[in-house]
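Let's take a walk through this chain together, from its overall layout to some individual contacts.

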Amino acid sequence: MSTLQRRGSSVRHVETLLSAARIFGAITAESIAQVGEGVTLPQLRVLVLASQPGHLNATGVAEALDVHLSSASRICDRLVQAGLLARRDLPRDRRHVELTLTPAGERLLETLNEHRRDVFSRILRRMDAAERDALSQALSGFVTAAKEYEARPAAAP
């Protein structure tokens, strides 16, 4: 295979991934609209962060979203006011607070994820078994190759 053919193949692969990313984004946007809570994408990212193991504070939110601490605090304030996020003082250091999901926040994430599961299931049913297997294997390889992004705190919804 010539260098030009490899470049063309590489460009085609990247374009395919970009198309898939747009579809995943559209499905996520549709899911957010389905929950009907008026949650923005940055707010959803905070809820996803709060759902992960470990403790989360406004500084962690600011770092994960790559925004100023005051912007992160405002996002968290809105989520607390909406009853989706709770703040509590850390017992070992009352100057610091921990952000956790409320039951309503957990339900919102579950509803959103259930909608995405339903949409992905419908799409996968349109593919034959061999295509589904190939897709699963390819995406597993992609996830493995992208491990450095999995560990980043800026988890997408």
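A polar contact is a pair of N or O atoms within 3.5 Å; within protein, one atom must be able to donate a hydrogen and the other to accept it, and residues adjacent in sequence count only if both atoms are side-chain atoms. With that in hand, look at Asp128, which sits in the loop between H5 and helix H6 (129-145). The Asp128 side chain reaches the backbone nitrogen of Ala130 at 3.1 Å. Asp128 counts as partly exposed, at 42% relative accessibility. The scale here runs from buried (under 20% relative accessible area) through partly exposed to exposed (over 50%), with a 1.4 Å probe and protein chains only.

A word on provenance. This is a predicted model, in which local features need pLDDT of at least 70 and side-chain atom pairs count only at pLDDT 80 or more, while totals for chains, interfaces and linings use all residues. Residues are numbered from 1 along each chain as its sequence is written, and side-chain values use heavy atoms, with hydrogens and water left out.

Now for the overall layout. The chain has seven helices and two strands, and along the sequence they follow the pattern α-α-α-α-β-β-α-α-α. Helices (H or I, at least four residues) and strands (E, at least two) are DSSP runs, numbered from the N terminus. Of the 157 residues, 27% count as buried. Contact means heavy atoms within 4.5 Å; among contacts between residues at least 6 apart in sequence, 53% join residues at least 24 apart.

Where do the nonpolar side chains gather? A nonpolar core is a set of buried Ala, Val, Leu, Ile, Met, Phe, Trp, Tyr and Cys residues joined through side-chain atoms within 4.5 Å. The largest such core holds 25 residues, and Val46, Leu47, Val61, Leu85 and Leu108 touch the most other members. Two or more residues each come from helix H1 (3-35), H2, helix H3 (58-65), H4, strand S2 (93-101) and helix H5 (103-125). H2 gives the most, with six residues. Setting aside residues up to four places away in sequence, Val46 touches Leu56, Val61, Leu65, Ile75, Cys76, Leu79 and Leu85.

Axes are lines fitted to C-alpha atoms, for helices over the stretch in contact, and angles run from 0 to 180 degrees between N-to-C directions. The axes of H2 (residues 41-51) and H4 (residues 69-81) come within 10 Å and cross at roughly 80 degrees. H2 and H4 are therefore roughly perpendicular, on a scale where angles under 35 degrees count as roughly parallel, over 145 as roughly antiparallel, 65 to 115 as roughly perpendicular and the rest as oblique. In this contact, Pro42, Gln43, Val46 and Leu47 of H2 meet Ile75, Cys76, Arg78 and Leu79 of H4.

H2 also packs with H5, at an angle of about 105 degrees and with the axes 10 Å apart, so this pair is roughly perpendicular too. Here Leu44, Leu47, Val48 and Ser51 from H2 meet Leu108, Leu109 and Leu112 from H5. Also in H5 is Glu106, partly exposed at 47% relative accessibility. Glu106 and Leu47 are 59 residues apart in sequence, with their C-alpha atoms 8.4 Å apart in space.

Turning to H3, how many of its eight residues are buried? Six are, and the helix is mostly covered: the buried residues are Ala58, Gly60, Val61, Ala62, Ala64 and Leu65. At the start of H3, a side-chain oxygen of Asn57 reaches to within 3.1 Å of the backbone nitrogen of Thr59. After H3 comes Asp66, whose phi is positive, near 55 degrees.

Finally, visit His115 in helix H5. His115 is buried, with a relative accessible area of 16%, and a polar contact of 3.2 Å joins its side chain to that of Glu30. Beyond neighbours within four places in sequence, His115 is in contact with Ile27, Glu30, Ser31 and Gln34. Ser31 belongs to helix H1 and counts as buried at 0% relative accessibility. Not counting residues up to four places away, Ser31 touches Leu112, His115 and Arg116.
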